[in-house]
Each structure stands twice: as C-alpha cells, then as structure tokens.
Amino acid sequence: MKAIRLTCKALLIMALSLSVTACNVGDTIIEIASYCFTAVIIGGIYYGIVYGIGSAIESIQNKSKFRSYRKAAMFGDAYSQYKLGQCYYNGTGVTQDYEEATRWYSMAAEQGFSSPQFAEALNNLGVCYDNGEGVPQNLEEAVKWYRKAAEQGNAVAQYNLGYSYDNGEGVEQNLEEAVKWYRKAAEQGNKWAQNNLGVCYDNGKGVPQNKEEAAKWYRKAAEQGHAGAQNSLGWYYYEQGKPELGLPYAEQSVKTDANEASWDTLGRIYYDLGRYEDCITAMTKCAAIPNCSTLQIAYEYIGNSYNKLGNEDEGSQWLEKAKYQAGWTTMPPAPTGAARGECPRGVR
C-alpha cells in the first residue's frame, strides 16, 4: 500500500508538471491557473482509482491469508493458529472477534508455540480480559495470559503480572512476586516496571527499604520520560537536602504531566532554593487542582513565600487559609513515593 500511495503522489506531481510545461509564455494568470486546476482534477481521479484498486487488492490479500491460516490451523499448525488469532484480534481479513482470537491463541499456546510476536499477542489478550474488551472482564483469566506471555520474556506482560501481584488483582497479593516480575521487566528497559520497582524500594514493599536503589530505578524510568519517576527523583533529592539536583527532574515532571504531586514537589524545591515567586506560582497551580489533597500545604508555602518577599499582609492571609483548612501551622510530610509513582494496570 505504501508503494501505491507513492505512485499516486508521483502521478499527481507529474500531472502538475505537465500542466506547467503546457503553459505558453503569453498565457495569463487565469489561463495558467486553469491548466493547474485541470491537472489537479485529473491527478485526483487517477489517485482515487489507483488507491481504490490498491485497497481492494489489499482486502483480497488479507482475506486470502485468513483462509490459508484457517485451513492450516484446522489441521493443528500452531503458527497458523497464532496468525489466525491475530487476524481475529485485529480484524484483518475477517470481522474483529476477540472471543475467536482467544480460542485460537489458546490452541497455539497449548502446543507450546513461542515467538516475540506471539508473546505480545498473549499480553494483549490478557489486557482484553483485564479491561473487559470484547470478552467479559475476568482478572484471573488476565493473569493467566500475562503469565504465559511473561514466561516467554515479554517485558510488558512481566510488568502487568508484577502489577497484578502488587495489587492482588486476579491473584493473591504477593509483594515478593511483584518485585520479581517488575525486576525482569525493568532489566529489559520497561519504564513502568522501572518506576514501580523504584516504588517498592522506596517503601520497602517486597524488598528491604533502600532509598538509593529506589533512586537508581527512578532515574532509569525518568530518562525514558516517565513523569511519575521524574517527580519521585525530584522528591528524593529534595528529601536529601539537595534541591538543586532535584530541580531539573521536578521541572521536567511538570512539563510531562502537570498534576498535584508534581506541582507540590516543584513548589517545595523552589522554596528551598529561595525562589519564592516561583514557589508561589507552583503552589497556586497545585492548589487549583480539583480535590487537591495537599491544599493546606500549598497555602502555607504560598503564605511563607509572601512573607519571605516582604509582603506580610498577603502572607498572613494565606497562612490563615492554611489554619482554616486543618488547624495546624507546621508543614506535614508529603505523600509517600508509592502515592507519587505507581503506574496503571493492563498496559499494552
């Protein structure tokens, strides 16, 4: 299809070129425009015809492949069973049908068929059961398919299986097993697993608590653009009394995903660096998040920043708001790393 599209574009360009060549020196602008308009119409017709033919050919080819896979799959060929399941899953050459995809993937898996592409398909099947896409939601069935894919080395499935153990979804909660599968996926470069492995070390979930090890995995995920890991790494340096090292990560986290936790971390770092106006801006954005859980903290940082800037009247107003929220005047600790960093389940 790519070659057909390129051919169509080439025909259109050729038609325009010929229209320009056909122009005479004395032609008016209107006459030249007429040549070009005619060329575009002709080129568009050719484009439509050729592209339509190409689409029809592709459809015929897909249906032919589907029939071939089905015939071989019926005779027990594991690879064809996998490809047939893929056809049903993607709606290639046949109407999309997740239940049929499940049936044929199951047959291939039962025969021990293995390949990176098949492992990806098994994970996707797990996601279907996890989210109830095309099949009734069944977390136990999702775990079954995640495990099959994970055992074939699929990093995303390893993350999904780790998440299931971490949260007790579809399987009995087992934090050690969660860490085991997160680590397998993290070592393959999966940023979600790297972040969650960092969370485990940060909070002593399934492993002894180790802030330095947590920072190591947060850093790996942060370098891949994971907003939660960027924020957690910024928070790590803030807690270590090194706000200047945490600043670039906190700022990047806000750019990647501006949420309550990221604005809170950035505001605190700005405050510790003496950038009080920036702290006010960050904490104001934090406080504006609907149902902000750190509203009192944000108000107090804003009030203290105004005081540092010499505007004690404004500062007093914000500190009074903070007192009204919860009746305290000291800054309580922020949420734990887990609340700041955990990732979603059912990732494709």
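**Close-up views of a predicted model**

**View 1. Cys-292 and the cysteines of the chain.** Cys-292 is buried, with a relative accessible area of 13%, and because the cut-off for a buried residue is under 20%, this value places Cys-292 in that class. The structure shown here and in the views that follow is a predicted model. A disulfide is a covalent bond between the sulfur atoms of two cysteines. Searching the whole structure for such bonds gives zero disulfides. Cys-292 is accordingly in no disulfide, and the nearest cysteine sulfur, which belongs to Cys-286, is 4.1 Å away, whereas a disulfide requires sulfur atoms within 2.5 Å. Another cysteine, Cys-200, has a relative accessibility of 1% and also counts as buried.

View 2. The secondary structure of the chain consists of 17 helices and zero strands, and of its 348 residues, 43% are buried. When contacts between residues at least 6 apart in sequence are considered, 54% of them join residues that are at least 24 apart. The largest nonpolar core has 58 residues, and those with the most contacts inside it are Tyr-105, Phe-118 and Tyr-182. Helix α5, which spans residues 116-131, supplies the largest share of this core, namely seven residues. Leaving aside residues up to four places away in sequence, Phe-118 touches Tyr-82, Tyr-105, Ala-108, Ala-109, Phe-113 and Gln-152. A second, separate core has 26 residues, among them Tyr-238, Tyr-271, Tyr-276 and Ala-322.

View 3. The structure holds 16 aromatic pairs. In one of these, the rings of Tyr-159 and Tyr-182 have their centres 6.0 Å apart and their planes at 25°, so the pair is classed as stacked. Elsewhere, ring pairs link Tyr-79, Tyr-82, Tyr-105, Phe-113 and Phe-118 into a cluster.

**View 4. Lysines placed over tryptophan rings.** Lys-184 lies over the face of Trp-181, at 5.7 Å from the ring centre. In a second example, the charged end of Lys-220 sits over the ring of Trp-217, and the distance to the centre of that ring is 5.7 Å.

**View 5. Arg-268, a buried arginine in helix α13.** Arg-268 belongs to helix α13, which covers residues 260-272. Its relative accessible area is 3%, so Arg-268 is buried. The side chain of Arg-268 makes a polar contact, at 3.0 Å, with the side chain of Asp-264.

**View 6. The surroundings of Tyr-249.** Tyr-249 is found in helix α12 (residues 243-256), and because its relative accessibility is 23%, Tyr-249 counts as partly exposed. The C-alpha atoms of Tyr-249 and Gly-234 are separated by 5.1 Å, although the two residues are 15 residues apart along the chain. If residues up to four places away in sequence are not counted, Tyr-249 touches Arg-219, Ala-222, Gln-230, Leu-233, Gly-234 and Tyr-237.

Key: Residues numbered from 1 in each chain as written. Predicted model: local features only at pLDDT ≥ 70, side-chain atom pairs only at ≥ 80, totals over all residues. Heavy atoms only, no water. Core = buried A, V, L, I, M, F, W, Y, C linked by side-chain atoms within 4.5 Å. Buried < 20%, exposed > 50% of the residue type's maximum accessible area, 1.4 Å probe, protein only. Helix = DSSP H or I, 4+ residues; strand = E, 2+ residues; numbered from the N terminus. Contact = heavy atoms within 4.5 Å. Polar contact = N/O pair within 3.5 Å; in protein donor to acceptor, adjacent residues only side chain to side chain. Phe/Tyr/Trp six-rings, centres within 6.5 Å; stacked < 30°, edge-to-face > 60°. Lys NZ or Arg CZ within 6 Å of the ring centre and 35° of its normal.
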